[in-house]
Amino acid sequence: MSSLNNENTSKLSGVIQLLLESSSRINEAKPRRYWYPLSHATYGVDEILEAIDSMCSFRTTMWEKTLLFERRFADYQGCADCVMVNSGSSADLLLSFLFTNPRNPLLRPGDEILVPVVTWPTQVWSPMMAGLKVVLVDVNPETLNIDISDLQSKITASTKAIFIVHLLGNPCPMDRILEIAKENNLLILEDCCEALGAEWNGTKVGNFGIGSSFSFFFSHHITTMEGGMIACPDLTTAEHLKVMRAHGWLRNVEMSHCDLSGYDIDPRYAFVNWGFNLRPTDVQAGFGLHQIRRLPEFNQHREDLANKFFDFIDEQIFLSRPRVEKLARPAWFALPLMVSDESPFTRQEITSYLEAQGVETRPVVTGNIARHPVGKLFSEFQDKTFKGADVIHERGFYLGLSPFHTLRDLEKLIQVFEDFISRY
Ligand SMILES: Cc1ncc(COP(=O)(O)O)c(C=O)c1O
């Protein structure tokens, strides 16, 4: 252990100085090419001090802060238990292995799972990697969510599950999806990586199936730098996931039903399933403890900004924003927009203008994922005809929405749009 000699004392006082200045500097870390960026750093001194605390107490790997954050997240989410992992993609991966892990598989390799064609790609890779056959379903360009009639048309005798995503924070029509799942005996997974805090009929999304994933990447509703969570409806599911999160190891779990008698093994190194190492660090969980406390305030602010911006968009002829189902309360991750097919300007023209004016833009995630080069590698992607996804692919884009964008930013943003639209 290093001692507090003169050199270390001066390094330490440098760190304290940085820390004291950090609240004002935090969003200057990025070069300011954009005055309206996609996201801002949403962590501050509390999170940094918590990280230093983990390091100074030499408890940096998964430990008590992870347990505590999992508990707090489960309380917020209103579910039985949660399993923290090192990214949202890991959450999707681990969830998918609920279906086909050798210890307690729910499905058989080759069974079909329906996944929307517009999403983050790891939601698609995960069930494929778990040995299921992914069948891509079209997306409704009005809502950005799974197209219900295409979903119904893709159900066959081999279909066993649906993996929905509440894209950019807009909840899917859960009543219809639950009905269809019940009629056809399908299991439901939810990707809520862009929808933390969104609700359907008063229930948080992520509570409608056998598990749901969340991401805490930098720009998401809360951040642990990298990180993710799985929300579980029961303790047994969480235990199976905890085992697979850490090597298949019977550690950090009760698993009372795992009888080790008759095995000549040291219970400290007992392996009961296959698994990965997808564990988070306690430094990430420490961030999460502060961020989850701030989440209601963050989301309220995002909602206020989104409402203001969408009120303006609703008055436009050539631009629209996603339709929200009656029973849905979105937790907008971003400000998604669609250029109308009768518009005199293209998506390229408006996004180039916005970028030149210092407003950062992005396409609606993958657009039609079957149109990407990776599509050539897999038979699942050979049929590329997804009419709704193509509309999103060609005419959709989004702008950032962060708790640190201000009302003044929004007014300025609206002015930039007005200047552009007034040319037509
Ligand atoms: C819908 C969706 N699913 C999964 C992920 C993966 O999360 P991560 O970036 O934490 O791996 C993302 C990431 O943005 C996402 O938007």
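A residue counts as buried under 20% relative accessible area, as exposed over 50%, and as partly exposed in between (1.4 Å probe, protein chains only). The model is predicted, so local features need pLDDT of at least 70 and side-chain atom pairs count only at pLDDT 80 or more, while totals for chains, interfaces and linings use all residues. Residues are numbered from 1 along each chain as its sequence is written, and side-chain values use heavy atoms, with hydrogens and water left out.

View 1. Helices (H or I, at least four residues) and strands (E, at least two) are DSSP runs, numbered from the N terminus. Leu 327 counts as partly exposed because its relative accessibility is 36%. Leu 327 touches Asp 175, Glu 199, Trp 200 and Asn 201, leaving aside residues up to four places away in sequence; contact means heavy atoms within 4.5 Å. Gly 275 is 52 residues from Leu 327 in sequence and 38 Å from it in space, C-alpha to C-alpha.

**View 2. Helix 10 (residues 347-356) and its buried residues.** Ile 350, Thr 351, Tyr 353, Leu 354 and Glu 355 are buried in this helix. Their cover includes strand 12 (335-339), strand 14 (396-399) and helix 12 (407-421). Just after helix 10, Gly 358 adopts a positive phi of about 90°.

View 3. The side chain of Asp 191 has an N or O atom 2.7 Å from a nitrogen atom of the ligand. An N or O atom in the side chain of Glu 194 is 2.5 Å from an oxygen atom of the ligand. A polar side-chain atom of His 220 lies 3.1 Å from a ligand oxygen atom.

**View 4. The largest pocket, with 30 lining residues.** On a 1 Å grid over the protein atoms alone, a pocket is an open set of points with protein on both sides within 12 Å along at least five of seven lines, and lining residues have an atom within 4 Å of a point. The volume of the largest pocket is about 610 Å³. Trp 120, Phe 217, Ser 219, His 220 and Phe 333 lie nearest its centre. Helix 4 (residues 88-100) supplies the largest share of the lining, three residues.

Terms used. Polar contact = N/O pair within 3.5 Å; in protein donor to acceptor, adjacent residues only side chain to side chain. 1 Å grid on protein atoms, 1.4 Å probe; cavity = no way out; pocket = protein on both sides within 12 Å on 5 of 7 lines; lining within 4 Å. Points joined across faces, edges and corners; volume = space filled by probe spheres on them.
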